[in-house]
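Subject: Handover of a structural model

Dear colleague,

Please find the structure below, followed by a short account of what was found in it.

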Amino acid sequence: RFNGTNWVDVATLSTNASGNAIFTPLAAGTYRAVETMQSGWQASTPNPSTQIVLPLDGVGQIDFGNFRLPAIKIWKFHDLNGNGVKDANEPTLDGWEMNIQPAINGIGSCTTVGGFCAFQNLSVGAYVVTETMQPGWSTTTGASQTINVTANSVAEVWVGNAQLDWGDLPDPAYPTLSANNGPRHAMTPALYLGACVDGEADGQPNASATGDDVAVGNPVFGNAQCTDDEDGVTLVTPLVAGQQACVAVTAHNATGAPAVLQGWIDFNGNGSLADAGDALAFTPTALVPNGGVSNQQYCFNVPAGATFAGGQSAMRFRLSSAGGLGFTGVAPDGEVEDYQAPVACVGNLVWSDLNKNGIQDDGAASAFSGIAVNMVWAGPNGVIDTPDGNTTPSGDDIVYAATTDTAGCTGSA
């Protein structure tokens with residue numbers, strides 16, 4: 001109340017459930033009201049209020065308007081399946097530093113407690129939320145998120161991280177990096193290829209597909225000395241066009257159910273795993289039973305048109321509980337392993353050696369077509385046990401049969 005010289009406090013009240021504070025009785029006079037501002041709110045009307053003159057037995061009304069200053073609440077969670085969404089079974093993470101730009105009154109970071117932290121008393125506008133990455137983790141929700149906040153709003157941001165295994169084939173020909181949706185698997189100690197699996201922050205591409213083989217990643221499941229975690233798949237036969245080939249697979253599976261092995265090979269060497277026939281159809285099965293396998297052979301047919309241009313065969317193998325994966329994208333468990341295998345081409349030409357010098361220098365006209373040719377592979381022991389001319393292999397040999405084409409050639413890789 002104004003006493004003619006100064007403003008003097010008359011009473012202090014808190015608003016009721018209806019938002020009202022009623023001061024009574026009051027003497028006639030000149031009054032104004034002052035609102036005590038609460039944290040996180042801002043006045044939208046004058047404070048102190050404009051003054052009113054209250055007559056004897058009169059009633060006056062003063063209204064205050066407020067709006068909540070914007071806030072951003074950041075939730076941090078362990079994205080167990082790497083899908084970028086907070087699922088019901090996924091726990092929150094404490095002790096992670098979250099960052100905001102522009103900073104608020106000089107404060108640009110907070111640390112999660114109880115799975116979240118918050119920035120309050122914001123101005124209306126756009127803010128960029130990032131995190132300080134910890135070793136052995138990868139983001140599943142993006143390196144940053146831009147949030148536009150308005151008056152009276154509290155924006156919630158979910159930031160997910162997973163411990164991921166990535167591939168290492170050359171990129172971008174074979175998508176490997178996060179930027180190209182490279183293959184990655186949320187890691188679990190229950191399912192992986194070989195003796196171990198370790199985590200990386202992103203794909204590790206290089207020309208020889210050994211980028212994931214040179215250092216121990218973080219974390220590690222299986223053998224702690226996991227320098228080379230790409231040790232689960234070995235090519236155990238030649239890759240011969242039109243013939244069956246096999247890989248030996250070692251895998252750890254403690255999921256309680258069969259897992260699914262998938263594979264892709266760039267059979268024509270064109271820098272793509274998307275061509276018809278590049279996806280392998282394993283026989284008799286693509287399943288890895290609960291309990292795992294050790295050097296179990298999984299076989300597939302090599303396309304008749306395989307050429308292996310460039311003398312390399314890029315190979316990608318993925319193990320997961322559900323299967324149905326492509327050669328890119330995220331998987332909820334398991335592991336991806338990439339390989340570059342050198343391939344030598346053996347051309348078998350049957351021709352008429354007119355000058356009997358043992359050298360094919362008599363021109364294309366001397367070639368014979370329709371001639372049956374057998375190629376014998378000595379098998380893992382490196383010794384040819386099959387007698388010349390036999391089409392039935394002996395020992396661990398494999399006999400490949402072909403017939404020369406119109407140019408007198410057969411092709412084996």
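The largest pocket has a volume of about 1600 Å³. A pocket here is an open set of points on a 1 Å grid over the protein atoms alone, with protein on both sides within 12 Å along at least five of seven lines; grid points are joined across faces, edges and corners, and the volume is the space filled by probe spheres set on the points. Its lining comprises 39 residues, and Ala21, Phe23, Ala33, Ile62 and Phe64 lie nearest the centre; lining residues have an atom within 4 Å of a point. By class, 21 of the lining residues are nonpolar, 12 polar and 6 charged (Ala, Val, Leu, Ile, Met, Phe, Trp, Tyr, Cys and Pro count as nonpolar, Asp, Glu, Lys and Arg as charged, and the others, Gly among them, as polar).

Please note that this is a predicted model, in which local features need pLDDT of at least 70 and side-chain atom pairs count only at pLDDT 80 or more, while totals for chains, interfaces and linings use all residues. Residues are numbered from 1 along each chain as its sequence is written, and side-chain values use heavy atoms, with hydrogens and water left out.

The structure holds 2 salt bridges (a side-chain nitrogen of Lys or Arg within 4 Å of a carboxyl oxygen of Asp or Glu). In one, the side chains of Glu131 and Lys76 meet at 3.4 Å, N to O. Glu131 belongs to strand S9 (residues 125-131) and Lys76 to strand S5 (residues 71-78), so the pair ties together parts that are 55 residues apart in sequence. Strands are DSSP runs (E, at least two residues), numbered from the N terminus. Glu131 and Lys76 are both buried, that is, under 20% relative accessible area with a 1.4 Å probe and protein chains only.

A salt bridge also joins Asp338 and Arg316 (2.8 Å, N to O). This pair links distant parts of the chain, with Asp338 in strand S25 (residues 335-342) and Arg316 in strand S23, 22 residues apart. Strand S23 spans residues 312-320. Asp338 is buried, as is Arg316; the relative accessible area of Arg316 is 0%. The side chain of Arg316 also makes a polar contact of 3.0 Å with the side chain of Thr176 (a pair of N or O atoms within 3.5 Å; within protein, one must be able to donate a hydrogen and the other to accept it, and residues adjacent in sequence count only if both atoms are side-chain atoms).

Yours sincerely

Note on methods:
Helix = DSSP H or I, 4+ residues; strand = E, 2+ residues; numbered from the N terminus. Buried < 20%, exposed > 50% of the residue type's maximum accessible area, 1.4 Å probe, protein only. 1 Å grid on protein atoms, 1.4 Å probe; cavity = no way out; pocket = protein on both sides within 12 Å on 5 of 7 lines; lining within 4 Å.
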